[in-house]
Amino acid sequence: MIVSKKNCLFKELLRSGFRMKYSTQTIRSYSRLCYEIGTGQKSLLCNSFFSNHVLWSRSDLKLRAMSSSHIINGSEECEIVQDNTDKFDELFDDLFLEKGIEEKVIGHNVFVIQPYIKWGPSKKTLTTPPYQLDESVALIDTLKDWSVVGSELVPLTTTKSPKVFGKGKLEALTKIIKSDESITAVFLSLNVLSKVQQDFLEETFGLPVFDRYSVVMRIFREHAVTKEAKLQVAMAEIPQLWRNLSLDKYRARGGNTHSVGGSGETFYEIRKNLIKGRESKLKAALKSLKKHRDLMRSKRKKRQFPTIAVVGYTNAGKTSLIKALTQEEEMEPKNELFATLDVTCHRGVLPSNIKVLYIDTIGFISDIPTMLIEPFIVTLEDALEADLIIHVIDVSNPDYVAQSAHVEQTLQQLNVDKNLLKNVIVVANKVDLLSSEQLRTFEGMLQISCTSSFGLSRLREEVERMLLNVTDRMKLRVRVANGGPEFSWLYKESSVVDVVADDSNAQFIYMDVIITKTNLEKFKFEFIMRKKRERLKHYRD
């Protein structure tokens, strides 16, 4: 039997659960199977990072492997043989698969545990435990083929304990989880579990245990479409790979250290070198991406397009807002967390015909490590160097206060220029989902609805007003010859608001324009100063 994540029989075994003869733990994950084999059968040569294992018996090649039974007849001599087709990429990719980062085919029925601090300086004051639980459930629901089958709010005094929970609560949770055979995984909604915590909880529950980092990483991998997004997601996974390697070393504790490499390397050393090599390649690729982004940004600056960064909590409606402002049919907003992983630019026009670029950004979320965001800074730099920020708040979400505060805190942590932080337009989005009474809470904010276009005209006007201040643009009226070189130049280098005929001379017109100070000086030098020089030269001649 081929024990592989691509083997249909093996998938069914994982879904239903089965037991090794020497173990009391019900197995529902590939990593658990490899761990049980490695610890229970000392004579077996098993290393859980191989993508395929072949289980066979000399006397019976057709192994019995059924639910609620053992996978191997313990009276027979069995071996595990490495599939010779393993290659570098397969070996590396399995580092993701083994710890539950990449596996997309097999879903999970998840029991969600939402801890919260009861008191003390670590207690969250802007949100509530039920709101936190709702977000945790939403994270699981975002994953394809994953579903929530149960949840529990658990008060704690600290999240640093090696066992996370007290004895009584741990026993109660274990009883709930083990009594429901439909549960195939546990989501403990904490930032990052330590290797000791994860190992202990997986042993206790007999199931895979995921933290917020690993769940968000799964979402990233599912939603990454472009090469840039996939590159940044891969880089964000590197810290987890080092953590997994450390966890496996901790689990081994004097176990198998056979040399398998040509130079006598152990399995641990092979995996360590693989991660080092991959990390080096990814850093080089990110450096190249940064150079490309810098070049594109430099070209935009030369064309003097004002840029507006649209930021907000995940699923606040940033992409929907940009689509409503630009009328780009190709944009496809989705009602899910982290639908946008790429920082993209979209051209729009303001009421005075000023051409601008709206920058769509990855959404923020609370309680994830900064190492998840760091790889995305390369593309976030486009937003960090914008002229103006639109902060989108989903006011239909009851936890909008905490979400808004988290976005503001994240912007400060990203070292956004202090002057840029002064140029922020805060908009209350999704007001169409609120009652008239609820709307009164947001009377002091700019209220919009992307679906009904309510408030968008006012938003465009506010964007234009602030851009005129922060980009040194000015409105003025210029009298030029109709169809002359000045006329063409102004249409190319400024925003023409209106054109009015000169009643006193039909050969001239008045042009109302918005122009940068730099371009105004160029206009003066090109036309006004040139005419003065020509007149002076003619006078001297």
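**Exercise 1.** In which helix do Arg 465 and Glu 462 both lie, and how many residues apart are they? Then classify the exposure of each.

*Solution.* The model is a predicted one. Step 1: Arg 465 and Glu 462 belong to helix H15 (residues 456–470) and stand three residues apart, about one turn of the helix. Step 2: their side chains form a salt bridge, with an N to O distance of 2.6 Å. Step 3: buried means under 20% relative accessible area and exposed means over 50%, with partly exposed in between. Arg 465 has 43%, so Arg 465 is partly exposed. Glu 462 has 23%, so Glu 462 is partly exposed as well.

**Exercise 2.** Find the salt-bridge partner of Arg 479, and state which parts of the chain the pair links.

*Solution.* Step 1: the partner is Asp 502, and the closest N and O atoms are 2.7 Å apart. Step 2: the pair links distant parts of the chain, 23 residues apart. Arg 479 is in strand S14 (residues 473–481), while Asp 502 is in the loop between strand S15 (495–501) and strand S16 (508–516). Step 3: Arg 479 is partly exposed because its relative accessible area is 41%. Asp 502, at 5%, is therefore buried.

**Exercise 3.** Locate the salt bridge between Asp 394 and Lys 430, and decide whether these residues are buried or exposed.

*Solution.* Step 1: the N to O distance in this salt bridge is 3.3 Å. Step 2: Asp 394 lies in strand S11 (residues 388–394), and Lys 430 lies in the loop between strand S12 (424–429) and helix H14 (436–439). The two are 36 residues apart, and the pair links distant parts of the chain. Step 3: both Asp 394 and Lys 430 are buried. Step 4: the salt bridges of the structure come to ten in total.

**Exercise 4.** Describe the largest nonpolar core and the elements that supply it.

*Solution.* Step 1: this core has 45 residues; among those touching the most other members are Leu 139, Val 215 and Phe 338. Step 2: elements that each supply at least two residues include strand S4 (108–117), helix H4 (129–142) and helix H8 (227–252). Helix H7 gives the most, with six residues. Step 3: domain 1 (108–210) and domain 2 (303–470) each contribute at least three residues. Step 4: leaving aside residues up to four places away in sequence, the contacts of Leu 139 include Phe 187, Val 215, Leu 337 and Phe 338. Step 5: a second, separate core has 27 residues, including Ile 322, Val 427, Leu 446 and Leu 468.

Note on methods. Residues numbered from 1 in each chain as written. Predicted model: local features only at pLDDT ≥ 70, side-chain atom pairs only at ≥ 80, totals over all residues. Heavy atoms only, no water. Salt bridge = Lys/Arg side-chain N within 4 Å of Asp/Glu carboxyl O. Helix = DSSP H or I, 4+ residues; strand = E, 2+ residues; numbered from the N terminus. Buried < 20%, exposed > 50% of the residue type's maximum accessible area, 1.4 Å probe, protein only. Core = buried A, V, L, I, M, F, W, Y, C linked by side-chain atoms within 4.5 Å. Domains from an automatic or database assignment. Contact = heavy atoms within 4.5 Å.
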